[in-house]
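I opened the notebook for a quick pass over one model. Entries follow in the order I looked things up.

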Amino acid sequence: MSPENRNYLPESDVVGLNLKETELTLGLPGDTRVTMDTGVKLGTKRGFSETIDLNLGRSNVKCDDKVCDDELENDVLGGATKSLTANAQLVGWPPVRASRKNVMKSCKFIKVAVDGAPYLRKVDLEMYNSYQQLLSALEDMFSCLTIRNYMSEKKLMDPANGVEYVATYEDRDGDWMLVGDVPWKMFVESCKRVRLMKSSEAIGLAPRTPQKCSSTT
Amino acid sequence: MKMMMGSSFPEEVLEHVFSFIERDKDRNAISTVCQSWYEIERWSRRRVFVGNCYAVSPLILIKRFPDVRCLELKGKPHFADFNLVPEGWGAYVSPWIAAASTAYPWLEEIRLKRMVISDDSLELISKSFKNFKVLVLSSCEGFSTEGLAAIAANCRNLRELDLRESEVEDLNQSSGHWLSHFPDNYTSLVSLNIACLNSEVSFTALERLVGRCPNLRTLRLNRAVPLDRLAILLRRAPQLVELGTGEASDLRPDVFSNLSGAFSGCKELKSLSGFWDVAPGYLPVVYPICPRLTSLNLSYAATIQSSDLIKLVSQCHNLQKLWVLDYIEDLGLEALAASCKDLRELRVFPSEPFGAEPNVLLTEQGLVSVSEGCPKLHSVLYFCRQMSNDALRTIARNRPNMTRFRLCIIEPRTPDYLNHQSLDVGFGAIVEHCKDLRRLSLSGLLTDRVFEYIGTYGKKLEMLSVAFAGDSDLGLHHVLSGCENLRKLEIRDCPFGDKALLANAAKLETMRSLWMSSCSVSFGACKLLGQKMPRLNVEVIDERGPPGSRPESCPVEKLYIYRTISGQRFDMPGFVWTKDENSALGLS
């Protein structure tokens, strides 16, 4: 039986590194790899975005597997109330093109401002599935910044001058919140604009509830 | 006799006569009459369609047809649309572009479907063909707005740029600005479809472009163009025949009236699409246009519910084509049947394809209504959650003129909800009554019986899609042995194995392609087929590693078989195995 460690790469991969091939998966030998139609693989190790402290709304429950998986499922599948068919686990079924799967989602363009930068950027929050993806995109857009401190608050830093920025957003009610406080989906729905605020100015924002996962940094 | 005929007409006369013959089939036929006709025909063929880019090579094409002006190529198999073909499988267009760039300097049109095209290829196109007019990239990928910028900058005679449903990479720096690369003196645009673009385009550039191209008749905008901008564009191009709107979520009275005015100026509009996030309050702006509409695509309009849909379609008395979400519900389809007597094509897409429970009141009844009320209906794509043999029989009897029937019952293997039996007889009725049926997609609970019907009656059937159906090889055998005109067969998750495939090996050479995934075809059978049939490429697509490392009887994950005159391809990724690789590896 083929080993679970699928570590050969396609030889002529003109489209780019096919990292899928080297990805470790959890599952019984001989299981075919299935992908949830949102692109998240079942049985894969959780990326760190799922392990960072996102479930601050809950009481002091340790961030164990089940909680994170539920969180992930809710995040990714848009609502805890809708039950899913087994179809969610079949690749390519129902036969609906990717562009149609997202029909339910609205396009969510929001403006992103960085303190000190002369221009704003617009991002479509619907294009991302997690805070990490959003921050990566912001990192690309405002190329002077790098993300640091993954395990604690969402901070970006300008290595040129050491200035730290904290990602904040204005929600539907007009309140300014720290990015990362609420589950991703909830953030997408309520976020009106994002501002990368200088850390020194980010005092007086709604305090974060204590972290749940033990931070080893 | 033949020789006399050949020499009695000067070549020019024959060429002139041939210029009236356009269909490939007819051209192919006349080329077999005699050697001189073959020669005249091949020198005068201007339009070539290659249904499978791996069936023939650029070299062979150029050798036979030295002066092609319009080239159409298709790459990946259809199931690639649903992520069944792994990334990197192939369908690269660059060898074709490279060859055409020297061989066909007068090339005017390139149409690609499901192919991978790079920015380099786009740039090469833009610089190689002085009279380039039409670029259609349907479900393509591999390029970015950089490539589009090259097309814009260099194709002075471009008429049509259609990116339908392609995946275009956004390069943040330049994403919106590729449109500005159209020079100020460029005025020949007739059709622009950028609906698939995720990023914003520079609106000023768009407005100027639209304003200076008097022949623009098709404009399909992307989501990022808001409604107030749309009004500006419509006033610049009131001659538009086909329009795709952007997003329209904020209902504002000033925008509403501005838009109303703009739409009222568009006397030629016949086709509408887009409508992302449309606030239903905006719909009245299109009511004046409705009576003229022949085509309406609301399949992305997730915010328009049944009652608004009914109000809309009830005014579209000349509608021929409707693509809509299942929000239209049975009631809406009844209204459609009552109002749109000229309807030819209906597609109903699922708003919640992965929900376990139905979220809308759409059943088989909606389709039955339309089949009753619309005498010209011949093309159907319908997603629903329940079906009955009775309904299918009714539809079949109502619409013997059906040519394309694609039914997707969302839950696999769903039986007739009335009697819990299979849907064999229902689909049997479809193939029996609809004698001109060319395309069929099956779903629901189906046994080998349905394939017996298909093999018996589906004599004009060209494309068949099968999923979660059948009991044994007999099913596949019925289809392969019975459907004389079958060109494309795609199968997933069916218990079909080696026997039917090997018994009908010769049939495969008469078809364009066969796709089978999650079936029971063994690696051994694939090897055998590949060895016995040199004019077939038998590709085993298996991401679990070399098939030779597993027993020969082990079923392959995916199998793609296609006829070819250009032999094995050289661009296969590591997860594709063919007979040659196997023998090279010394695997028995």
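**Entry 1**

I looked up V17(B) and got 42% relative accessibility, so V17(B) counts as partly exposed. The cut-offs are under 20% relative accessible area for buried, over 50% for exposed and partly exposed in between, with a 1.4 Å probe and protein chains only. V17(B) is in helix α2 of chain B, residues 11-18. Helices (H or I, at least four residues) and strands (E, at least two) are DSSP runs, numbered from the N terminus.

I noted the ground rules. This is a predicted model, in which local features need pLDDT of at least 70, side-chain atom pairs count only at pLDDT 80 or more, and totals for chains, interfaces and linings use all residues. Residues are numbered from 1 along each chain as written, chains are lettered from A and ligands numbered from 1 in written order, and side-chain values use heavy atoms, without hydrogens and water.

I checked E108(B) next. It lies in the loop between α6 (94-103) and β3 (109-113) of chain B. E108(B) is buried, because its relative accessible area is 17%. Which residues does E108(B) touch, leaving out those up to four places away in sequence? I found R69(B), N131(B), F132(B), K133(B) and V134(B). Contact means heavy atoms within 4.5 Å.

In chain A, D124(A) sits in strand β2, residues 121-124. Its 9% relative accessibility makes D124(A) buried.

**Entry 2: aromatic rings**

I searched the whole structure and got 20 aromatic pairs over all chains. One is F79(B) with W515(B), edge-to-face, at 6.3 Å centre to centre and 80 degrees between the planes. Rings of Phe, Tyr and Trp (its six-membered ring) pair with centres within 6.5 Å; planes under 30 degrees apart are stacked, over 60 edge-to-face, the rest tilted. Both F79(B) and W515(B) are buried.

I then listed one aromatic cluster: Y54(B), F79(B), F82(B), W89(B), W515(B), Y560(B) and Y562(B).
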